Amino acid sequence: MTFFPAAEHARVMSESLHLAVRTVHVLGMAVLLGGAGLVWLAARQRIASITALARTYEWLFWGAFGVLVATGIGNLGALGAPGPATRWGQVVLVKLSLVALFVVASAVRTLAVARIGDTAPVAVATWHERAYGATALSLLGLVALAEVLAHG
Ligand code: HEM
């Protein structure tokens with residue numbers, strides 16, 4: 001049995017906690033992106049229950065988004081406040097500004113999905129195709145930007 005000194009133990013614990021937080025951050029991103037991609041595909045297939053599927057995704061979306069914000073703040077806490085003068089700090093700022101825009105656009109999308117009728121299936125499917133295609137593309141852009149941030 002190996003005994004670590006207390007400081008070493010604390011370092012290992014905090015690194016594993018940070019790894020767990022990062023894992024949950026990435027899983028949250030996977031739910032958002034994978035879900036948007038699925039709804040987009042379903043809309044392209046013109047499935048009859050597209051509005052119901054989209055509404056289910058909206059619940060998942062906001063749940064996973066809350067998890068991303070919480071774990072994102074955890075990431076920032078674990079890495080220390082990024083200096084806005086550093087390249088990393090600047091990329092974080094760009095990412096957070098884009099996340100803010102994305103939240104506003106997503107709120108508009110969620111409200112629209114909540115109000116949309118099931119009456120004109122073709123127009124509704126086209127709307128879903130565009131809305132979730134745009135959501136998936138924006139998320140891909142955010143992921144690409146986030147990957148630039150990633151510390152090993
Ligand atoms: C308020 C919201 C958010 C905050 C504060 C935040 C913060 C962070 C930080 C600080 C990192 C860097 C970790 C590192 O350098 O090792 C990071 C990584 C990452 N973020 Fe976010 N993030 C947020 C939202 C999002 C969203 C919406 C997405 C999904 C598109 C996302 C996807 C990722 C990915 C894929 C990584 C790279 C994986 C990693 O390094 O662990 N984040 N985030």
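My entries below go from the pocket to the iron atom.

**Entry 1: the model.** I noted before anything else that this is a predicted model.

Entry 2: Where does the ligand sit? I checked, and the space it takes is the largest pocket. Then I looked up which elements give two or more residues to the shell around the ligand, and found α1 (6-44), α2 (50-79), α3 (87-115) and α4 (121-149). The largest share comes from α2, with 7 residues.

**Entry 3: the shell.** Of the 22 residues around the ligand, the ones that come nearest are R22, H25, K95, L149 and H151.

**Entry 4: side chains up close.** For R22, I found an N or O atom of the side chain 2.6 Å from an oxygen atom of the ligand. H25 has a side-chain N or O atom 2.8 Å from a nitrogen atom of the ligand.

**Entry 5: the iron.** Which protein atoms are donors of the ligand's iron atom? I got NE2 of H25 and NZ of K95, lying 1.8 to 2.0 Å from the iron. The iron site has 6 donor atoms with angles of 85 to 178 degrees among them, and is octahedral. H25 is in helix α1 and K95 in helix α3, 70 residues apart, so I wrote down that this pair links distant parts of the chain.

Conventions:
Residues are numbered from 1 along each chain as its sequence is written. This is a predicted model: local features need pLDDT of at least 70, side-chain atom pairs count only at pLDDT 80 or more; totals for chains, interfaces and linings use all residues. Side-chain values use heavy atoms; hydrogens and water are left out. A residue is near a molecule or strand if one of its heavy atoms lies within 4 Å of it. A polar contact is a pair of N or O atoms within 3.5 Å; within protein, one must be able to donate a hydrogen and the other to accept it, and residues adjacent in sequence count only if both atoms are side-chain atoms. On a 1 Å grid over the protein atoms alone, a cavity is a set of points where a 1.4 Å probe fits but cannot get out, and a pocket is an open set with protein on both sides within 12 Å along at least five of seven lines; lining residues have an atom within 4 Å of a point. A molecule sits in a cavity or pocket if more than half of its atoms lie within 2 Å of its grid points. Helices (H or I, at least four residues) and strands (E, at least two) are DSSP runs, numbered from the N terminus. Donors are N, O and S atoms within 2.8 Å of the metal (3.2 Å for Na, K and Ca); water is not among the atoms, so sites may look incomplete. Four donors count as tetrahedral if all angles lie between 85 and 135 degrees; four count as square planar and six as octahedral if opposite donors are over 155 degrees apart and all others between 65 and 115; anything else is irregular.
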